[in-house]
Amino acid sequence: MKGPGFLESIEAAFPGAVVGSQLEALDPWIEIAPARIAEVCQWLKSRGEPRFDSLQCVTAVDWLETDPKKAAKVSWQPHLEMVYHLWSTSARATLVLKVKLPRWSGDVAGHLPEIPSVAGVWRTADWHEREVYDLSGVSFSGHPDLRRILCPEDWVGYPLRKDYEMPTEYHGIRCR
Amino acid sequence: MAEFLIGLGLPGWVAWSIAALVAAVLLLNVIAGGALVFIWAERKIAARIQDRLGPTRTGGRFGWLQSLADGIKLLAKEDLMPEGADGLLFRLAPYVSFCASFCAFIALPFAFDVVGQRLNVGVFFVVAVLGLEVFGVILAGYASASKWSLFGAMREAAQVVSYEVPLGMCVVVPVMLAGTMDLVTIGEKQAGWMSSWYLFHDPFTFIIFWVYVTCAVASVNRAPFDLAEAESELVAGFHTEYSGLRWSFFFMAEYGSMFLVSGLAAVLFLGGWNGPVPVARLLGFSDGTGESAAYVVRLVGLANLMGKATLGVLFMMWIRWTLPRLRIDQVMTTCLKYCTPIAAVMFAGAMFWQLFLPGGLFPGWGRPAGEIREGWLEGPGGLPAAASPAEDRSSTVTGGDPVERAGLATRSPR
Amino acid sequence: MTGMLDMDIIDISTLTHVVPPLATTLAALPALPIAGINWHSVLFLLFAGLACGFAIAVVAADNVVRMALYLVFSLGATAGLFFLAGAEFIGAMQLMIYVGGTLVLLVFGVMLTAQAPLVSIKPSSSDRTLTAVAGASLLSLLLTAAFSVDAWRGPGVGVVPAPSATPLGMALVGVRVDEPPAGTPVGGRVGYMLPFEIVSVHLLVVLVGAAYLARAKRRRTPRPIDALASAMPVETVATAAPVATMAPTGRSAGGAKSALVGGGR
Amino acid sequence: MPDLIEDDPRIIEFDVRTDEMLVNMGPQHPSTHGVLRLVLRTDGEIVSETEPHIGYLHRCAEKIGENLSPRQWIPYTDRLDYLAAMNMNLGWALTVEKLMRHEVGEKARHLRVLISELNRISSHLVGMGAYGLDLGTFSPFLYAFREREKILDLFEEACGARLTYSYITVGGATADLPPGWLQRCEAFLDQFEPIIKEYHALLTTNAIFVKRTAGIGVLSRAMAIDYGCSGPVLRGSGVDQDMRRDGESLYTGMYDGYAFEVAVQKEGRYPRDHSYPTVPSEAVLGDCWHRFFVRMLEVVQSMDLVRQAIDRYAACPEPLSEPLKLFEKLPVGDAYLETEAPKGQMGFYIVGNGTPIPWRVRARSSSFSNLSVTHELCRGCLIADVPAIVGSLDIVMGEIDR
Amino acid sequence: MMGLVLATASVASLAPCLATIPLFAVNPFTEPVGVVHYLIVGAVLFTAGIACMTLKRNALGILMGIELVLNGANINFVAFASPYLRAEGAPTLGLDGQVVALFVILLAAAEAAVALAITLNFYNNHATVDVDRADDLKG
């Protein structure tokens, strides 16, 4: 959804929820504070104009440069970025929401960062959030059934993290 | 045959034993050989229906040895039994199915008097024994220790038990028309032109024949009623866990029953071994013309019946490769809400027709009236020639027609 | 079922001429030295053995499904005995109704023993002993009674009686057409119209009753069994299968129990 | 506990006490379209709960994509929806082009319409045939495959492969069509057109087929949107949405000047339904029959589009635009694009960071969302309905498990 | 399993063994069987049925016992009705025996239906088919 007017209407409804935005990008996006994402989405679905009644995709991008030489050059701090692609079936418009999360909650490795689940807003998010949890290691609070979905239930690690090491074996099966 | 052997100087019991053995082996061949041919035919027909060629190489042209090759493969296959299966029942089940299918053939006539054992309750016997096939299926489903097998078995139980009701009603109609349950007599009563077939006896029999076809397809578990082995739902249903020879016994039982219900349809509705045109009678042949003429007539009858039964089997194949499968509740609806009431109404209709229009709409046309006597009297039991080697045969023969006598008795004051 | 091939009533004479070479070959076999076997009696022995053996197996077996199977075999063999005794209609009836009825037993046996503990309920050994003693004495009593009448002991006449289906059917509608046994008073033989009608009505009542008992209905009040069912955690089912838990998505936390069995609503 | 299914007439309670049974349908099962595993909680024949378990085909294609250049990842997109690999290629190529702000030439545009619509036909043919298989009839499956083989022959001529084409690529296509291809394609369409009547006779209007599908697995409009369903599943529920018309301009621009009508029931009518079997009275909008019928209509629609594309492609004087280099630097930024693949909306997301290798690759597949409604649709149905419902969603495990 | 085979075998061999004792005066291999042979079978079936009814704790088992008892009785009826099994000209029950057997079969089917319904209700209320637990009426 383009146009600054829309952005302002969100800001008006949720003061302080919009952390940043980039309206000039290919897909203009709005950055939301992690704790507010569920309520913003609920509003976007039911109150906003147009109504974003459909969720297309939930993605997590791991911003971490594992190569120390390159890591020195990058301008960003390591973090996780949640990307929500919203779709309005009535207005046929898209909207991109982004949320920045720490890679580990409290910077303790193994403690998954938490974010409110939007599975209660769109049922699409149910499986998509499970997939993000499975592959990128984000914990969704309030998700009805947060389990691994693609990997086996006893899989260790989050494969789409940049620092993920493939295990050498799984139940006696050689992996590498 | 036994008399022939006795005439050669063999003791009576040996002659009878040999005759019985030969009959049994011939019947077994009908099933096993029939299954071989039909499996090949099914492959070719399915292929043709589906725009394919089917087997082309085994045995040279047309892949005619394909079923034999299949059989050899099945023999060589590892015989598996799942852990947790009830071994005894698991092993027993295919043979129970096969035996039921086989036993029903005993009473099915292939031509006039060419029958394993002529029974005066032939129809009843065939239907009863055919119903026993389901035992093997249930046992297989239960003993396999597989949930899919159990599903298949329970479906089969529900289906076969339900379809026995309309099937029985359909079968009763020709019995009523012929006045006997003896299959040989029923067949013989339809001699003559095609119009004397019970299919064309009256409109009710014509409809009930199609009800019979539906029920027969359902009771032998062929598509669209093949719920017990629905491969898209239950993997393979009751025979999910079977392989090799045991599996092939189920297969043979299935083809055996297919042929059986088709043969039964032929005898009950399609004139049995009588062709559409009474060639033999037109040429002046009959059993009385001489022995060789009688054999020719019987051989032609045999070919007639086989042809009709094969047509029935082909019909089943045709619909199998055309129609989707019904759901279990729809199968039950078909049986209880359609087949049973229709069969009941048609039964009543045929009854009234027989009562008020016994000669048909055009009496005396095309129907051999009065040629056949009461069937049960001609049964082997009453026929002195076929009686036991015991000397006194006369004691078994009842004097006169008992029904007539009863009629006299009821008329006479007591 | 091979009883139908018994020697007295076999008639496949026409086959001789279909397969003459085979017949000739067989005829060339030397006559066997045994004097003569009455196949009817041999078949009787076979069927009697099967019937008795499987009847005893029913008693001996503990598994319900196997018991039902043995019962089927026993009843089937009994049908064979009926055929041998010339009661063809009764035999076919036995196959159709009795064996079909047992089929239902079998199905119920399978269904009710879905739970492992019910598959075999074993009687105590004292019960076994008691039953053996009682059974043996009962059997001896019955056998003594069976042997006590001389007229029953002699060999049969060995002639197959006339087919009985038509007289039977006529008798059921009230007309007797069969040959009266010797010494029966002429006026004393009546048909079975009334019993036939009574049985028909009886069957109808049973049919309606069975349909009534088995009809589908919704329950509004909990039964004791449901309390038991809810006391038995569903997790026992779930853990038995390779699935850890069924996802209670979209349902309340306690919704692991399916609404289908919940009789308490 | 809310009694969602209280009023379902099929949920009946018998006097007999029954126990529930957990049954594994799959991963080795004839009708789960690959390696899907459905755990059914059944009470006799009635399914009270269905839980799909997926991931048996998982190979972390997205991780692989983070180590390859976009053009190198094209063959991996083939394996997503392997029945419509051309459409997968197209979706990825367009996404990368969007990120790179690259536009292909006129001829490549028509070629892409031509090829992707042809592949839609072949994908729907498989969907249709396999659906017949799910319902227990085998012959339509082979009839469908017979025609599909002819399409595969055409593809083989164009790119050398019959299943995993990697034909459409970033910046155009790997090769131009061989001479005479267009005529052969037209000949195929002429020959194929009357055959569709056969399919309607064998399936769409067949009484048993209607009985098995009409009113089964009804997916309401709201639920379809809520679950993110797309493609024929969404349109079968009466939602008028087709990315070819409603999507981003980069994608809809491909169809500029093409005439087509979205296959969706509007005011109780389907487009061009005068020439097709009427909707049976038992059918409810959103049931299996409608999902199936939408696919059948789309076959005709795609044939139309292919014919139009052939004309335009042949009329294009310019040569086919060259594909981009294998390692072309990606700009910083991200791009997301959804295309209308045969199974539904196929979304690709790419994050570039100034190197030829993307920082993050994401494939959002339609079957993934479509499959997630099964537990809603299969609640309280019969076991035989489970294949009917899952089959009507027309899923491909390759793009679900990725 | 072995026991079953032995039981079958012993019973199968019972009849010829009995035949050798002079009580019968019939060689079952060469001469037609008589009524008494059928009565023996009937007795065995009847006894097995009674034993089944007393021994089994499973309600279905008891039902099977009843079926066996009825069958044992039926065999007697048919045997007495069959002229085949009697000496020449000896009186038989004639058709009456068969008709009674027929009624017995029909009523047995009805009985099985009712008994199954009772078993089913019992199972519903007690979650078992063990009749030893049916002691609700115990004071």
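Of the 176 residues in chain A, 38% count as buried. Please keep in mind that this is a predicted model. Staying with contacts in chain A that have a separation of 6 or more, 48% of them come from residues 24 or more positions apart.

How many helices and strands does chain A have? There are four helices and nine strands, and along the sequence they follow the pattern α-β-β-α-β-α-β-β-β-α-β-β-β. The radius of gyration of chain A is 17 Å, close to the 16 Å that the globule rule gives for 176 residues, so chain A is as compact as a globular protein of that length. Its C-alpha trace spans about 55 × 40 × 30 Å along the principal axes.

Now over to chain D. Here we find an open sheet of three strands in the order β6-β7-β8, with antiparallel pairing. As a reminder, strands of a sheet pair through backbone hydrogen bonds. In chain D, β6 (333–341) and β8 (360–364) stand at the edges with a single partner strand each, so one side of each is left without a neighbour in the sheet. From one strand to the next, the twist averages 10°. Nine bridges join β6(D) to β7 (residues 344–352) of chain D, and L337(D) stands opposite F348(D) in β7(D). Across β6 and β7 of chain D lies helix α3 (residues 85–100), running at about 150° to β6(D).

Last, the B–D contact. Here 23 residues of chain B are in contact with 26 residues of chain D. On the chain B side, α7 (147–178), α10 (231–234) and α14 (328–356) are the elements giving two or more residues. That side divides into eleven nonpolar, four polar and eight charged residues.

How values were computed
Residues numbered from 1 in each chain as written. Chains lettered and ligands numbered in written order. Predicted model: local features only at pLDDT ≥ 70, side-chain atom pairs only at ≥ 80, totals over all residues. Contact = placed C-beta atoms within 7 Å. Nonpolar A, V, L, I, M, F, W, Y, C, P; charged D, E, K, R; others polar. Rg over C-alpha atoms; globule rule 2.2 N^0.38 Å. Buried ≥ 20, exposed ≤ 12 C-beta atoms within 10 Å, placed from the backbone. Pairing = 2+ DSSP bridges. Axes fitted to C-alpha atoms, helices over the stretch in contact; angles between N-to-C directions.
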